[in-house]
Amino acid sequence: MSFLPGTASLIKEIDKRLLVVLRDGRTLIGYLRSIDQFANLLLQDTIERIHVGGKYGDIPRGIFLVRGENMVLAGEIDEEKEAQSELEEVSVPDILELQRDEQLAKEEQERVKTKAKLKRGLPVNVSDTYLNHDDVFN
């Protein structure tokens with residue numbers, strides 16, 4: 001088997017089921033139908049898989065065009081290992097609620113950390129949007 005550099009190495013993955021992780025943290029799973037020289041991917045029968053703890057939910061997305069610059073990782077799905085996974089599948093509304101709760105908990109942790117930094121006189125990022133006026137001046 002010859003080695004294909006760069007994007008050309010994805011040619012052997014056409015018509016296979018791929019998992020793609022995007023820069024924004026989303027995880028997509030779909031059948032690779034086309035690629036180009038910029039690593040843009042065309043996925044068919046795509047789902048967005050959301051993981052929270054030991055649970056996951058799949059949101060159907062259909063045909064999905066992924067720009068190569070937004071892709072962090074791509075790999076073929078091993079159907080046997082996926083079937084043996086210990087993760088529990090839950091409904092879309094349930095996983096979205098779990099995801100929202102997880103995000104709110106992270107924001108609260110960041111707010112507490114930033115408030116502690118302010119009390120100690122340490123610098124905080126201007127982009128910290130987890131604080132309100134009372135947190136800064138009380």
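Predicted model: local features only at pLDDT ≥ 70, side-chain atom pairs only at ≥ 80, totals over all residues.
**Entry 1: the sheet**

I number residues from 1 along each chain as its sequence is written, and side-chain values use heavy atoms, with hydrogens and water left out.

I found six strands in an open sheet of mixed pairing, in the order β5-β1-β2-β3-β4-β6. β5 (71–76) and β6 (88–89) are at the edges with a single partner strand each, so one side of each has no neighbour in the sheet. I took helices (H or I, at least four residues) and strands (E, at least two) as DSSP runs, numbered from the N terminus. I counted two strands as paired if DSSP finds at least two bridges between them.

**Entry 2: strand by strand**

I then followed the pairs. β1 (residues 17–22) runs antiparallel to β2 and is joined to it by five bridges; Arg-17 has Tyr-31 in β2 as its bridge partner. The hairpin of β1 and β2 has four residues between the strands, and Gly-25 in the turn shows a positive phi of about 95°.

β2 (residues 27–35) and β3 are also antiparallel, with seven bridges. Here I located Leu-28 with its bridge partner Glu-48 in β3, and Leu-32 opposite Leu-43 in β3.

β3 and strand β4 (residues 55–66) run antiparallel over ten bridges, and Leu-41 is bridged to Val-66 in β4. Their hairpin leaves two residues between the strands, and Gly-53 in the turn has a positive phi of about 60°.

In which sense do β4 and β6 pair, parallel or antiparallel? They pair in the parallel sense, over two bridges. Lys-55 has Glu-88 in β6 as its bridge partner.

I checked the backbone angles next. Most residues other than glycine have a negative phi, and most peptide bonds are trans. Which residue in the segment before β1 did I note? Asp-15 is found there, and its phi is near 70°, a positive value in a residue other than glycine.

Ala-39 lies in the loop between β2 and β3. Its phi is near 65°, again a positive value in a residue other than glycine. The hairpin of β2 and β3 has five residues between the strands. Ala-39 counts as buried because its relative accessibility is 14%. I used buried for under 20% relative accessible area, exposed for over 50%, and partly exposed for values in between (1.4 Å probe, protein chains only). Of the 138 residues of the protein chain, 26% count as buried.

Val-72 lies in strand β5. Is Val-72 buried or exposed? Val-72 is exposed, with a relative accessible area of 57%. I recorded that Val-72 and Val-20 are 52 residues apart in sequence and 7.5 Å apart in space, C-alpha to C-alpha. Not counting residues up to four places away in sequence, Val-72 touches Val-21, Leu-22 and Arg-23, where contact means heavy atoms within 4.5 Å. For the protein chain, 45% of the contacts with a separation of 6 or more are between residues 24 or more positions apart.

**Entry 3: the largest pocket**

A pocket here is an open set of points on a 1 Å grid over the protein atoms alone, where a 1.4 Å probe fits, with protein on both sides within 12 Å along at least five of seven lines; lining residues have an atom within 4 Å of a point.

The lining has 13 residues, of which Gly-25, Ile-50, His-51, Gln-99 and Glu-102 lie nearest the centre of the pocket. β3 (41–52) and α2 (92–120) each supply at least two residues of the lining, and the largest share, five residues, comes from β3. I sorted the lining residues into two nonpolar, five polar and six charged, with Ala, Val, Leu, Ile, Met, Phe, Trp, Tyr, Cys and Pro as nonpolar, Asp, Glu, Lys and Arg as charged, and the others, Gly among them, as polar.

Why does the pocket lie between domain 1 (6–89) and domain 2 (94–135)? Both domains give residues to its lining, so the largest pocket lies between them. The domain bounds come from an automatic or database domain assignment.
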